[in-house]
Number of protein chains: 2
Amino acid sequence: MAKNTEVKLSKRDIQTLENLTNMAEIVIKQAKRKKDPAVNIPVRALSNVSFNERKRIIEMGKRTSQRQLFNLSQAKSFMQTMLVASGTKQLIEQGKSTSIRGLYYLLKHTISGVKEETFNEQGECDTIIEDIEVILNSLREELHLAAENRGTMVGNITVIDNGDEIDCTRMGSGGYAIPSIVEPNIIQFKKCTAQFILHVEKGTVWQRFNEDKFWKKHSCILTHGAGQPPRGVRRLLYRLHSELKLPIYCLLDNDPWGYYIYSVIKQGSINLAFESQRMAIPEAKFLGLRSIDFARCELSDSVKIALNDQDRKRAKQIAEYPWFVKKKAWQKEIETMLTNGFKLEVEALTNRDISFVTEQYVPQRLNEGNFLD
Amino acid sequence: MAKNTEVKLSKRDIQTLENLTNMAEIVIKQAKRKKDPAVNIPVRALSNVSFNERKRIIEMGKRTSQRQLFNLSQAKSFMQTMLVASGTKQLIEQGKSTSIRGLYYLLKHTISGVKEETFNEQGECDTIIEDIEVILNSLREELHLAAENRGTMVGNITVIDNGDEIDCTRMGSGGYAIPSIVEPNIIQFKKCTAQFILHVEKGTVWQRFNEDKFWKKHSCILTHGAGQPPRGVRRLLYRLHSELKLPIYCLLDNDPWGYYIYSVIKQGSINLAFESQRMAIPEAKFLGLRSIDFARCELSDSVKIALNDQDRKRAKQIAEYPWFVKKKAWQKEIETMLTNGFKLEVEALTNRDISFVTEQYVPQRLNEGNFLD
């Protein structure tokens, strides 16, 4: 039987393997020179994260900490670091990918001679995966680690996915399921006549736009991320934006959660600041819903959802984010929501008409060109 | 501009509209005859649900209750019933679909003259939607109501989705996103050379099977439902099974949640018993993971996850389900898990090898033909 004997490595795979090997060689060299083996790991704490005003993304600072083998409190995590590195090396060499859960099981075993497990729980392994990502400056997708895929795409683009040509104008009502790993060795863009990307928060709203063939009428690409978009969707949006120069407009709920989704798409997430460089899209625009939409769209009182304490607290926190704090329009947006005392879901526009959002709301916003930035 | 002036109604749409109109006409007739308007609603309580041993599905009984307009405690829900019926009629006539959230917003308004809202919260509307489903014997998908879509499909089948031909052998790493509404007027099966369906629990496991092109080697269709499969996935599996006569094998975690997913696919869900007729697949088989797999697959102690009290309680409840209680093999399966004292995830097989599940575990089970029923 033809087994996976010949694995075709991409350029990036070769690079990642080299980085993994280099890391190991540093440790070996230290050992040979009778020095205590150690690796330097960039610090992934809030104290080492800042907003780069020029690049307009959240970035990690330069602080690192040492992880040593001969240190009682660090020996185990040193071992785990080597283990995860060797596990991802194995994945890349075999040309296979797995989930973080799969990697955990792949590497979990009882250490011979003692009764200790290499990992006691998933969380331990996840932390080390993030360490390896920052050490190597690799996205976990480049380490062949996939997440659950969520989110779909339709519109005026043809992509090649793993050799298969996928014409996103002919994807029916279901759409193309955006994979978790969308790196260039797997996904290439073949043909694109879209003028922009409309990214909506929820699948059910996406369905409305797809059913009304919005992408056809307005020559665009239509995506959703089933709430906070997963890494695959963020990375695909980034690639579509940076490689095909497509503007991105976000249609999200008028609530702190919607603001936060926008913030992550635009500036990156605070927890995973090291990924912003290849995930964040500072040029992304916020199309709506806006706090002024209740009045502007003449909505009925019935669609108001009262803000609760948690909403008010989150809204104030978001207003303080360095990338929002200096923007008058954003300050006003959040202030207006707080003064309104209510939030609005995109689906609230249904109260006007089923297709109000696709036939009036979004086309009007696009015509005006008046977005929050 | 070309508006949706000509809506093409499917046969089923015409039937559903007729049923909706009939319901309204009964009310009108009553009023004209000076009788108190009322509708009969089949009772959706556990007391009116039973397991049909011959059909092997969970079924609703024949008990109904009356909902009257001139009854203080029923007047509001009578009004809501008429409102939801007229809302879905509007959707069907316009050839559009929306989410249950969308319908809620579409119908929510302040009743003129009083300060009452038609609906105060989503839950009220959802209950009425279920009422309408049972009154008309229509699935909510036939009422043009969609849910979030979850779950993907690849393999040896070509479907027509809303006029677009989708060849599921050429769907790359992402796959075809299974829509929420998969009724015959939207999805048709064009060509199928698959011999069976392998349904797996999680997207990450599905990715492993897709990456290894399992569906190609074994000539099958590969689906997942991101956990408990949503209605669209269940309905699609049902149609694939009943129209194309494809056997369905389920690969789920060896835990009470996995058993429960199987139970819902096979016999239907207790809460939505009225849908079993067109959703449940009594012939579905449970391929694994089995409680004997820890020993049979020579897994390491490291992959065991200890059962907690909740697991034990759920396992015992499931063992008592009428469709499991008389099956020796199922009683033994659940008993063995309880004696083992641990559960196993499908990903645990990764501990043997990344592709152990696709190259050994599932092929061996298929060869033996030894499934739980």
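Which residue in strand 11 of chain B stands opposite B:Val159? In this predicted model, the residue facing B:Val159 is B:Phe189, in strand 11 of chain B.

Strand 8 of chain B, residues 157-161, is joined to strand 11 of chain B by five bridges in the antiparallel sense. Both strands belong to an open sheet of three strands in chain B, whose order is 9-8-11 and whose pairing is antiparallel. Strand 9 and strand 11 of chain B are the edge strands, each pairing on one side only. On average, neighbouring strands of this sheet are turned by 25° against each other, direction ignored. In general, pairing between strands of a sheet runs through backbone hydrogen bonds.

Turning to the two copies, chain B is superposed on chain A by a rotation of 180° with 0.0 Å of shift along the axis, at an RMSD of 0.0 Å. The two copies are therefore related as by a two-fold rotation axis. The same surface serves both copies, since 100% of the contact residues of chain B recur in chain A.

The contact takes 51 residues from chain B and 51 residues from chain A. On the side of chain B that touches chain A, the elements giving two or more residues include helix 3 (100-107), strand 9 (164-167) and helix 5 (203-211) of chain B. Helix 5 of chain B gives the largest share of that side, five residues. The table divides the side of chain B that touches chain A by residue class.

| Class | Side of chain B that touches chain A |
|---|---|
| Nonpolar | 15 residues |
| Polar | 23 residues |

Methods. Residues numbered from 1 in each chain as written. Chains lettered and ligands numbered in written order. Predicted model: local features only at pLDDT ≥ 70, side-chain atom pairs only at ≥ 80, totals over all residues. Least-squares fit on C-alpha atoms with pLDDT ≥ 70 in both. Contact = placed C-beta atoms within 7 Å. Helix = DSSP H or I, 4+ residues; strand = E, 2+ residues; numbered from the N terminus. Nonpolar A, V, L, I, M, F, W, Y, C, P; charged D, E, K, R; others polar. Pairing = 2+ DSSP bridges. Axes fitted to C-alpha atoms, helices over the stretch in contact; angles between N-to-C directions.
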